[in-house]
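Visitor: I would like to learn how to read a protein model feature by feature. Could you take me through this one?

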Amino acid sequence: MSLARVFQRRLTIARVYGIPVRIDYRWFAVVALSIWLIASNLQSHVIQLGNVRLPPLTPATAWILGLITTAGLFLSVFGHELSHALMARAEEIEIEEIVLHPFGGLARLRTEPQNPRAELRIAFAGPAASFLFALLALGGAKIAALGNYEATVVVFFLIGSGNLLLALFNLFPGYPLDGGRVLRAILWRRSGNIQEATRMAGICGILIAGTLILFGIYILIAPNWRPSRPYLMGGWSILVGLFLLDTATKVVKGAQGARLVTVGEAMSPPIAIAPELTVSRFIDDILPLHRQVSFPVAVKGQLHGILALEDLKVLPRERWANTLVQTVMRPVGPSFFVEPSATLDSARQLMKENGIGSLGVNTTHGQLVGFLQGGKIRRREKTEPHSR
C-alpha cells in the first residue's frame, strides 16, 4: 500500500451517541506539532498573563503540559463537531460520522438540511459550543489565578483562547466554514434558491481562502513585521487557505454543474381527503379518479396524516362502510412532511426512511400546499442557460 493511501485512511476510535468518530492519519502529525510548539515555548520563554508569571519550565513538565493542552484543544474541536451532529439529529437528520482531520473536524450528514432554518441552527451549533468552551476555560484560568496555580492558568488560557479563535474563524462568511453555511441559509431563505445560495457562499469561501493564502505569503516575506516563527505561521496560513480554496471551488463547480431541485419545484397538487370520510366512499368515489398509492389527510388545509393503500389490505371488506379514514391513516409526524424549500434529495431520503414513500409539503405555517410520492415526482427544469 502506498504512503499516500495510508494517509488517506481513517481510524475509528469511538462511537459517541451512536455516531462513529474517526481520525484522519494526518491528524497525528498536527497533534505532534502542537505538543512540540507548546512545550518548546514553555521551556524557552517566560509566560506573562496579566499578574500571572510563569518562568521557563523543565523539559518534562513542559512536554506534559503541552500534551494536556493539546488534548484539551482537540477535545474542544470534537465538542464543536459533536454539537453540529446533535443539532442535526434534532432536525431529524442522520449523522454518518465525525472526522477529525489536520485542519479541524467535520460532522458528515447523510442528507442536507431540509430548510434554511435547520441549516442555520446546525451551522450555529458549533461556534456556540466553542464560545461556551472558551468561557468555561477562561473562567477556569481566572479561578486558578486566585490560587496562584500558574501552570494551570496557562493551560486554561491556551484552551480558552484556542476555542475563541476557533469560534471566530468558523464564523467567517465563506463556505465550507460555519459562517458560510449561515450565509447560505440566509440567502436560501431570502431567494428560495438553494443552488444560487450555495454558489454565492462558495464564492465567499474562495475569497476568504485567497486572503489567507496572501496573508501567509506576506508573513513569509514581510521585512518589518515577522512573528517569532514566521515560516511555521505563514506556511500554516497558506495550507489552511489551500484547503478552503479546494473545498470552496468544488462547492461552486458543483452548484453550477448540478441542478439542485427543491421540493416546491417537484411537488404535485395535494389530493387531500377528510379524516371523517369512510373507507368505502374513498374507494368508490376518490380512488378511481386519482390512481395514487397514498393520499394526504387534511382538515382546513392542515395535514393530519397520510392514508396508504397498503394499510387498507388488512381491513376486511365488510368493515369498509363503517371505518373512517382517520382510524387507518398514519398520523402526521416529523418524517411525513417537508417544506417547499427543502431539497429534493433530502425529501427522497426521508421518503425512503418513513416507510410510506410519500410526503406532504407544508409551508412554515403548516399549510398543506403539495404532495410528493416516490416514482411520481415531476421536475420543472429551467431551460434557460446559466447567466454566470
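Guide: What follows goes through salt bridges, helix packing, backbone geometry and a surface patch.

Guide: This is a predicted model, in which local features need pLDDT of at least 70 and side-chain atom pairs count only at pLDDT 80 or more, while totals for chains, interfaces and linings use all residues. Residues are numbered from 1 along each chain as its sequence is written, and side-chain values use heavy atoms, with hydrogens and water left out.

Visitor: How many salt bridges does a search of the whole structure find?

Guide: Side chains of opposite charge can pair when their charged atoms come close. A salt bridge here is a side-chain nitrogen of Lys or Arg within 4 Å of a carboxyl oxygen of Asp or Glu. By that rule, the whole structure has 12 salt bridges. One of them joins R22 and E97, with N to O at 2.6 Å. R22 sits in strand β2 and E97 in strand β5 (residues 95–101), so this pair ties together parts that are 75 residues apart in sequence. Helices (H or I, at least four residues) and strands (E, at least two) are DSSP runs, numbered from the N terminus. R22 and E97 also belong to a salt-bridge network with R108.

Visitor: At what angle do helix α3 and helix α5 pack?

Guide: Axes are lines fitted to C-alpha atoms, for helices over the stretch in contact, and angles run from 0 to 180 degrees between N-to-C directions. Helix α3 (residues 59–90) packs against helix α5 (residues 150–170) at about 30°, and the axes are 10 Å apart. The two are therefore roughly parallel; angles under 35 degrees count as roughly parallel, over 145 as roughly antiparallel, 65 to 115 as roughly perpendicular and the rest as oblique. Helix α3 also contains H80, which counts as buried at 1% relative accessibility.

Visitor: Which peptide bond is cis, and what is its omega?

Guide: Most residues other than glycine have a negative phi, and most peptide bonds are trans. The bond between Y175 and P176 is cis, with omega of about 15°. P176 lies in the loop between α5 and α6 (178–191).

Visitor: Where does Y17, with its positive phi, lie?

Guide: Y17 has a phi of about 55° although it is not a glycine, and its place is the loop between β1 (10–16) and β2 (19–24). N148, also not a glycine, has a positive phi of about 60° and is found in the loop between α4 (116–146) and α5. Y17 counts as exposed at 57% relative accessibility, and N148 is exposed at 57%.

Visitor: Which residues make the nonpolar surface patch?

Guide: Patches are made of residues with over 30% relative accessible area and no salt bridge; like charges are joined within 9 Å, nonpolar side chains (Val, Leu, Ile, Met, Phe, Trp, Tyr) within 5 Å. Accessible areas come from the Shrake-Rupley method with a 1.4 Å probe, and for residues only the protein chains shown count as cover. F103, W236, L239, L242 and F243 make a nonpolar patch of about 420 Å². W236 belongs to helix α8 (residues 230–257) and is partly exposed at 34%.

Methods
Buried means under 20% relative accessible area, exposed over 50%, partly exposed in between (1.4 Å probe, protein chains only).
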